[in-house]
Amino acid sequence: MIVRGRMNIDCNHFQALLVERRSELLRLLEGSAAASAPVELDQQVQGRLSRMDSLQVQEMAKATSTRRQIEIRQIDAALARIKDKEYGYCVECGEEIKPERLELYPTASRCLECAN
């Protein structure tokens, strides 16, 4: 069992950051649904190069959507750690994650040493 000292971080601050970012990502996901819709392949509607451009835009939109969904899962995990009073501690070694790291990367679950 790891005995932990008091950390010098404001979990309410990080919770607010995480909730705000999660809401923003959900709005972006809703707004990007049209960009990842199936591409019309009717040559009467558009030419070959336009279809290729549309397919490329669709693939980029899918990749962006996937990244956003991954970030939402990371945020959910960080919010669960806050709820469980485990936020700010490395999931690998149990040591504190530096507050500076959490400011830059609020979903960080590992200290810098374990992340490397």
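Among contacts in the chain between residues at least 6 apart in sequence, 57% join residues at least 24 apart. Contact here means heavy atoms within 4.5 Å. This is a predicted model: local features need pLDDT of at least 70, side-chain atom pairs count only at pLDDT 80 or more, and totals for chains, interfaces and linings use all residues. Residues are numbered from 1 along each chain as its sequence is written, and side-chain values use heavy atoms, with hydrogens and water left out.

**Overall fold**

The chain has 4 helices and 0 strands. Its pattern along the sequence is α-α-α-α. Helices (H or I, at least four residues) and strands (E, at least two) are DSSP runs, numbered from the N terminus. Of the 116 residues in the chain, 28% are buried. Buried means under 20% relative accessible area, exposed over 50%, and partly exposed in between, with a 1.4 Å probe and protein chains only. The accessible surface of the chain is about 8,400 Å². Carbon and sulfur atoms hold 51% of that surface. These areas come from the Shrake-Rupley method with a 1.4 Å probe; for residues, only the protein chains shown count as cover.

**The core**

The largest nonpolar core has 16 residues. Leu-18, Tyr-87 and Leu-102 touch the most other members. The elements that give two or more residues to this core are α1 (11–31) and α2 (48–83). The most comes from α2, with 5 residues. A nonpolar core is a set of buried Ala, Val, Leu, Ile, Met, Phe, Trp, Tyr and Cys residues joined through side-chain atoms within 4.5 Å.

**Cysteines and Ser-109**

The structure holds 0 disulfides. A disulfide is a pair of cysteine sulfur atoms within 2.5 Å. The sulfur of Cys-111 has its closest cysteine sulfur in Cys-114, at 3.7 Å, so the two are too far apart for a bond.

Ser-109 lies in the loop between α3 (99–104) and α4 (112–115). Its side chain makes a polar contact of 3.2 Å with the side chain of Arg-110. A polar contact is a pair of N or O atoms within 3.5 Å; within protein, one must be able to donate a hydrogen and the other to accept it, and residues adjacent in sequence count only if both atoms are side-chain atoms. Leaving out residues up to four places away in sequence, Ser-109 touches Arg-81, Tyr-89, Cys-90, Val-91 and Ile-97.

| Residue | Relative accessible area | Class |
|---|---|---|
| Cys-111 | 4% | buried |
| Ser-109 | 18% | buried |
| Cys-114 | 30% | partly exposed |
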